[in-house]
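Me: Please show me how to read a structure, one feature at a time. I would like the general idea, then the case at hand.

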Amino acid sequence: MATLLVARHGETTWNRDGRVQGWAPSRLTDDGRRQAAALGAWLDDRYDVDRVLASDLARTRDTAAEARGAADGLPEPSYDADWRERGFGVLQGLFAEEVLAEFPDHDRTASVISLDADPENGESVRAFRERVEQAWVRTMEATRAGETTLVVTHGGVIKVLLGKLTDRDPDAALAEGSQDNCAVNEIRLDDGPELVGEELTGWRARLE
């Protein structure tokens with residue numbers, strides 16, 4: 001059985017403050033580092049992971065490193081820019097409310113990730129989805145029968161993947177809220193990809 005595990009990064013300072021991160025080098029909070037270590041221990045108890053892929057942004061690199069430090073069996077990660085969050089260019093660093101004020105036609109109950117715009121030095125929704133789908137196909141092809149691949153990525157990326165796997169409307173899936181930091185999703189790749197576990201860890205934004 002080929003298995004793909006997809007995990008969100010740990011909490012960052014910008015998650016906590018409600019800023020649009022995009023490709024910013026935001027760092028994990030103390031809670032985020034604890035979440036990542038808990039993720040590593042949880043994975044170590046349940047899976048034999050053959051490879052680890054991660055977005056090349058700072059918060060996913062830090063999450064992969066903390067997880068590996070807490071586990072005996074996680075391999076050293078490889079980094080792939082196609083697993084990055086959506087790029088927001090000049091909007092990066094703004095509070096979500098500030099971005100929504102600039103785009104009054106956007107549904108204020110929908111995630112900023114779903115914003116129908118092509119920000120300067122950023123990405124449109126279409127370009128973002130296409131990039132994620134390229135990473136998805138490449139990772140599926142690299143995961144052989146009997147192997148388990150872990151991908152450490154971002155909330156928007158996970159929404160794109162879950163929308164595909166559950167046949168949800170792509171725009172509606174992207175408009176939903178992100179999973180908790182360090183949430184894990186399990187996808188079985190044999191006989192076509194199938195989501196067999198969604199947000200398995202169920203960790204909240206902070207740990208006791």
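**Reading contacts, burial and packing**

Reply: Start with contacts: leaving out residues up to four places away in sequence, Ala175 touches Thr109, Ala110, Ser111 and Ser114. A contact here means heavy atoms within 4.5 Å. The model is predicted, so local features need pLDDT of at least 70 and side-chain atom pairs count only at pLDDT 80 or more, while totals for chains, interfaces and linings use all residues. Residues are numbered from 1 along each chain as its sequence is written, and side-chain values use heavy atoms, with hydrogens and water left out.

Me: Where is Ala175 found?

Reply: Ala175 is found in helix α7, which covers residues 170-175. Helices (DSSP H or I runs, at least four residues) and strands (E runs, at least two) are numbered from the N terminus. The C-alpha atoms of Ala175 and Leu161 are separated by 13 Å, and the two residues are 14 apart along the chain.

Me: Is Ala175 buried, exposed or partly exposed?

Reply: Relative accessible area decides: under 20% is buried, over 50% is exposed, and partly exposed is in between (1.4 Å probe, protein chains only). Ala175 has 23% and is partly exposed. One of the residues that Ala175 touches is Ala110; Ala110 lies in the loop between α4 and α5 and counts as buried at 13% relative accessibility.

Me: How many residues of α6 are buried?

Reply: In α6, 10 of the 11 residues are buried, so the rest of the structure largely encloses this helix. Among the buried ones are Gly155, Gly156, Val157, Leu161 and Leu165. The elements against which the buried residues of α6 pack are β1, α5, β4 (148-153), α7, β5 (184-188) and β6.

Me: What about Lys164?

Reply: Lys164, also in helix α6, counts as partly exposed at 39% relative accessibility. Beyond four places in sequence, Lys164 touches Glu133 and Trp136. Lys164 and Ile187 are 12 Å apart in space, C-alpha to C-alpha, and 23 residues apart in sequence.

Me: At what angle do α5 and α6 pack?

Reply: Each axis is a line fitted to C-alpha atoms, for helices over the stretch in contact, and the angle, from 0 to 180 degrees, is taken between N-to-C directions. For α5 (residues 125-142) and α6 (residues 155-165) the angle is about 75°, and the axes are 10 Å apart. That makes the two helices roughly perpendicular (65 to 115 degrees; under 35 counts as roughly parallel, over 145 as roughly antiparallel and the rest as oblique). On the α5 side the contact involves Phe128, Arg129, Val132, Glu133 and Trp136; on the α6 side it involves Gly156, Val157, Val160, Leu161, Lys164 and Leu165.

Me: Which residues touch the most other members of the largest nonpolar core?

Reply: In soluble globular proteins, nonpolar side chains tend to be buried together. A nonpolar core is a set of buried Ala, Val, Leu, Ile, Met, Phe, Trp, Tyr and Cys residues joined through side-chain atoms within 4.5 Å. The largest has 30 residues, and Leu4, Trp83, Phe128, Trp136 and Ile187 touch the most other members. Two or more residues each come from β1 (3-8), α4 (96-102), α5 and α6. Helix α6 gives the most, with 6 residues. Apart from this core lies another, of 18 residues, including Tyr47, Val52, Ala67 and Val152.

Me: What does Ser55 touch?

Reply: Not counting residues up to four places away in sequence, Ser55 touches Thr60, Arg61, Tyr79, Asp80, Trp83, Arg84, Val152 and His154. Ser55 sits in the loop between β2 (51-54) and α3 (58-69). At 0% relative accessibility, Ser55 is buried.
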